[in-house]
Amino acid sequence: MTVEVDLRLSKGDFRLDTAFEVPASGFSALFGPSGCGKTTLLRAIAGLERHAEGSVRVGEQQWQDEQQALATHQRPVGFVFQHPALFSHLDVQANLRFGMQRRRRDDNALAFDQVVDLLGLGTMLGRRVPGLSGGERQRAAIAQVLLSNPRLLLMDEPLSALDQTSRSVLLPYLDQMQRQLAIPVLYVTHALDEVARLADHLVLLNEGRVVTSGPINELLTRLDLPMAHGRNAESVIHAAVYSQDDVDQLTELDFSGGRLWVPRVDLPVGTGVRLRIRARDVSLALQPLSGTSILNSFPVVVDEIDDDGPAQVVVRLRAGDQSLLTRVTRRSQRALEIEPGKALHAQVKSVALLA
Amino acid sequence: MSGEWLSPGDLQALWLTLRLAAFTTLLLLIFGTPLAWWLARSHSRWRAPVEALVALPLVLPPTVLGFYLLLAMGPQGPLAGLSLAFTFTGLLLGSMVYSLPFVVQPLRDAFAAIGEQPLESAACLGATPFERFRHVVLPMARPGYVTAAVLGFAHTLGEFGVVLMIGGNIPGETRVLSIAVYEHVEALDYANAHSLSAGLLLLSFVLLLLVYTSRVRRRHAV
């Protein structure tokens with residue numbers, strides 16, 4: 001089951017011509033610079049851009065094809081806007097009910113209490129919209145949309161209009177949704193850290209076109225794409241909780257390339273987690289090092305190398321079936337004879353647990 | 001002068017005026033809604049001319065308006081067949097033209113203030129166009145409707161020039177308050193002119209007070 005989008009639209013000088021396919025579950029990020037047409041694309045999928053032509057298919061439902069297009073209210077879509085769109089004449093509870101009332105409830109429909117819990121709205125239900133903070137509004141707006149029982153959730157930079165504090169409050173709720181929601185989510189953003197944290201799948205956009213799309217880590221570590229070359233180049237590793245060390249307050253994680261220690265997280269053994277490893281936190285050695293404060297070290301094989309400025313190269317490494325990036329100087333490259341196929345040891349200075 | 005506050009003739013004029021104002025307001029709210037909606041949201045090149053046309057009664061002397069209405073309703077006019085001149089229906093039609101901007105403009109502003117997003121959001125939540133109007137537009141534009149209703153009503157109460165031209169002075173049919181006051185003054189019956197005028201003044205003041213207090217309350221509600 002997939003979500004298939006093939007849409008064309010002209011707006012003045014701007015042309016949108018995009019075709020992509022993402023899995024019908026999990027978070028898929030639509031990622032690209034400002035003005036590349038992310039928002040327009042999302043609006044066209046919802047049927048809000050009247051002149052968009054092409055086709056939209058969500059699972060078995062055809063929302064639009066070359067002959068006809070369903071009106072927005074006929075598409076079981078959920079749209080979370082950049083600026084939360086609650087109805088100011090209703091209180092929070094009535095806003096949530098508005099979402100519930102319009103569409104048929106079926107087995108997939110989330111219960112009212114479930115959504116209220118998921119987004120932490122218990123104490124807000126009786127409040128009026130004008131009294132809510134930006135972050136509270138966005139949470140209520142997301143709940144309203146979830147309660148309308150959508151088949152596809154569209155989120156248009158839901159964090160970008162919020163201040164740093166509200167953002168860090170809202171992010172854990174998005175993590176929760178990431179883990180618990182069964183419906184596919186198309187998440188528009190131009191922030192790479194949100195992509196790494198939330199997305200399972202990535203659709204890369206530029207100037208109204210799809211550059212490429214694929215699983216998140218595959219794209220983050222592709223050396224022909226810009227993400228691998230930025231200062232914040234990073235990779236996402238899927239791991240599982242393996243053991244807890246109560247004495248040192250550490251948690252041991254297991255992934256296909258080895259084991260990693262991180263500051264203790266209170267999750268049961270076996271729980272799946274996402275890790276982010278930045279290219280600049282990874283160094284390479286010919287042998288496993290002793291006498292170092294770095295806890296995490298595992299064997300890797302060099303996969304591919306690409307130029308990264310005059311003095312450095314960026315290297316993609318394989319550890320088990322997962323990829324990560326590092327950047328080394330050309331001098332080190334020569335000294336260690338780093339070339340594709342070479343077996344080395346990676347030391348990782350810092351691992352961030354994402355969700 | 002009789003012992004009562006208003007003579008039977010004046011009472012009849014008052015009742016007629018209230019009826020005229022009520023019907024005018026009601027019809028304008030009904031027909032003004034789609035017009036105001038169109039003015040608030042259309043990008044058509046006809047929008048500016050239509051807007052100017054709607055605003056004309058604000059600047060034209062009522063007698064000019066009445067004169068053309070009279071021509072239209074007269075034996076050679078396009079509306080001759082309806083025999084509207086000097087009837088309540090004709091007066092109603094004239095009042096609707098005369099009070100049009102007072103109803104349409106507040107509605108237009110209220111619709112424009114809602115913006116695109118609540119409607120798009122409602123559509124994404126599965127609301128049909130009718131449901132969007134009924135459950136989003138109407139409640140959000142309610143202050144605009146209150147203002148439009150009160151202004152339309154109050155403005156029709158004070159109508160004079162148009163009535164003079166197309167209504168004349170037929171008791172129970174077209175003799176409204178303002179005409180009655182004028183008659184009393186003409187007849188040097190200042191006492192009756194006074195009680196009618198004071199009544200109208202008070203009524204208008206109360207109506208406007210209603211609009212402005214509801215506005216202040218709304219501002220403080222937030």
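**A chat about the two-chain model**

Colleague: What is the mean pLDDT of chain B?

Modeller: The mean pLDDT of chain B is 88, and 95% of its residues reach 70 or more, where pLDDT is the predictor's confidence in each residue, from 0 to 100. This is a predicted model, in which local features need pLDDT of at least 70 and side-chain atom pairs count only at pLDDT 80 or more, while totals for chains, interfaces and linings use all residues. Residues are numbered from 1 along each chain as its sequence is written, and chains are lettered from A and ligands numbered from 1 in the order in which they are written.

Colleague: And what ipTM and pTM does the complex get?

Modeller: The predictor gives an ipTM of 0.84 and a pTM of 0.85 for the complex.

Colleague: How many residues of each chain are in contact with the other?

Modeller: On chain A there are 17 residues in contact with 14 residues of chain B, contact being counted when two C-beta atoms, placed from the backbone, lie within 7 Å. On the chain A side, β6 (77-80) and α2 (92-101) each supply at least two residues, and the largest share, 3 residues, comes from β6(A). Helices (H or I, at least four residues) and strands (E, at least two) are DSSP runs, numbered from the N terminus.

Colleague: What classes of residue are on that side of chain A?

Modeller: The side of chain A that touches chain B has 9 nonpolar, 6 polar and 2 charged residues; here Ala, Val, Leu, Ile, Met, Phe, Trp, Tyr, Cys and Pro count as nonpolar, Asp, Glu, Lys and Arg as charged, and the others, Gly among them, as polar.

Colleague: Back to α2(A): which of its residues are buried, and what covers them?

Modeller: V92(A), N95(A), L96(A), F98(A), G99(A) and M100(A) are buried, and their cover includes α3 (112-118) and α4 of chain A. A residue is buried if 20 or more other C-beta atoms lie within 10 Å of its own, exposed if 12 or fewer, and partly exposed in between, with C-beta atoms placed from the backbone.

Colleague: Why is α4(A) described as largely enclosed?

Modeller: Because 13 of the 14 residues of α4(A) are buried, the helix is largely enclosed by the rest of the structure. Just after α4(A), N149(A) has a positive phi of about 60°.

Colleague: How many bridges join β17(A) to β18(A), and what lies between them?

Modeller: β17(A) and β18(A) pair in the antiparallel sense over 8 bridges, and they form a hairpin with 2 residues between them, where G320(A) in the turn has a positive phi of about 65°. Q312(A) stands opposite T329(A) in β18(A), and 7 of the 8 residues of β18(A) are buried.

Colleague: And over in chain B, where does L28(B) lie, and what does it contact?

Modeller: L28(B) lies in helix α1 (residues 8-41) of chain B, and L28(B) is buried, with 27 other C-beta atoms within 10 Å. Leaving aside neighbours within four places in sequence, L28(B) is in contact with M96(B), S99(B), L100(B), V103(B) and G152(B).

Key: Two strands pair if DSSP finds at least two bridges between them.
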